[in-house]
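Please look over the sequence and the structure below.

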Amino acid sequence: MSGETTAEPVLIAGAGPVGMTTALALHARGVEATILEAESEDRDRSGSRAIYVHGSTLRTLERIHPGLGTDLVDEGLVWPTRRTLFRGKEVFDRTYSSPGGSGDIPHFTSVPQVVTEEYMHDALNEAGIDIYWDAEVDTVETSPTGVHVETVDGRKWAGEFLVGADGGGSTVRNEIGANFEGDQSENAFIIADVGEVDDDPLPLERVFHYDAPEADGRNVLLVPFTGGWRLDIQCIEGDDPEELSNDERMRKFVRDIMGERYEDNLQWVSSYYFLQVMADTFVDEHRRVLLAGEAAHLLAPFGARGMNSGIADADEAASAIAAAINATTDAVIRDEVELYAARREKAAEFNLNAAGQALEYLQGDSPVTILRKEAAASLADHFETAGEWLDDAPYGPHGTPPIVSTGNY
């Protein structure tokens, strides 16, 4: 490769939802950006992954690229019923007549992440924003005036700012000397996609099973999305996640939990230990690099805080960079970037705490925790609040977020 350096106003590492949102949000503010993506254009994006797109996220996407939010609404679905069972007995059931609320943007939509990304790619094309594929970031050097990046293929890039949206193994995070701090879940979780049975579908319900008999006493979550279902199974002590996630065993889980007609519709399976970590800083020493999404924080998925919080990061990063680019003094530039860090680090702490509470509740095997669940289940027939507590608890608290203007995440 030649020694020439390509200069861009803003560089973005990563072409996932967070990186693409950052580019669109910058474009909406009159700032052009270029995305550097490590993988190839034909990369495998198997699995539904982040299926729950919150209303505040949809409104952000609609604001930065009109039509993007409403396209996802049209493509997704809003399930009307929440239901919870405790050891096979129903303890909570609620169906909403208007589950999405009113207006063009509902409270949420349930759609596979791959579909979200397809619409984001279309939006990038409409905006004339380039993605450079096979352009993995290798080194990052920052100064008070900008950033220099070299990619693995030998190309050199320069920008006024760099947004690290390159995921949990972020090279950008490592290059600026930031470190992850936090914990890992005690239990593994198995996640599967199951295709819909069009001629005899299950009702559109989000169903949580405590100690499901159909899963040999494991907790199970079942959530519909456009074209299929997300099946989550929480492993218990002594489980071998690899053995449980093999095709034969998963087909049995699907048959026992969803019905025999779904057994042949298993599409994708993976197992995880969830990390609960955040970077010790979201910016570099010169305030020219901003971390966003999983490069900045990894959250257990309870409450659907991962992609939603990452998109909130992206929008705020774009706002900070747009203000900094138009600033007339170095002090103002630093202030804008530091404000981003302060706000999004606070939001990440909130989300980690909320997801952590849900994780602790689900993994909790102390006598007190077990007794509370059993007591609530026994009271659910007579006190709806007891059943609602069982229904809500696996997703974390619904408390007020630390920064109201950024929505729930």
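Strands β14 and β15 form a hairpin with two residues between them, and Gly-227 in the turn has a positive phi of about 95°. This is a predicted model, in which local features need pLDDT of at least 70, side-chain atom pairs count only at pLDDT 80 or more, and totals for chains, interfaces and linings use all residues. Residues are numbered from 1 along each chain as its sequence is written, and side-chain values use heavy atoms, with hydrogens and water left out. Helices (H or I, at least four residues) and strands (E, at least two) are DSSP runs, numbered from the N terminus.

Two strands pair if DSSP finds at least two bridges between them. Strand β14 (residues 218-225) is antiparallel to β15, with six bridges, and Pro-224 stands opposite Trp-229 in β15. Strand β12 (residues 189-195) also runs antiparallel to β15, joined to it by seven bridges. Here Ile-190 faces Ile-233 across the pair, standing opposite it. In β15 (residues 228-234), seven of seven residues are buried, where buried means under 20% relative accessible area with a 1.4 Å probe, protein chains only.

An open sheet is made of three strands in the order β11-β17-β19, with antiparallel pairing. β11 (180-184) and β19 (297-298) are at the edges and each has a single partner strand, so one side of each has no neighbour in the sheet. Two bridges link β17 (residues 275-279) to β19, and Val-277 stands opposite Leu-298 in β19.

Helix α9 (residues 330-363) lies across β17 and β19. The helix runs at about 170° to β17, an angle taken between N-to-C directions on a scale from 0 to 180 degrees, with axes as lines fitted to C-alpha atoms, for helices over the stretch in contact (heavy atoms within 4.5 Å).

Terms used:
Buried means under 20% relative accessible area, exposed over 50%, partly exposed in between (1.4 Å probe, protein chains only).
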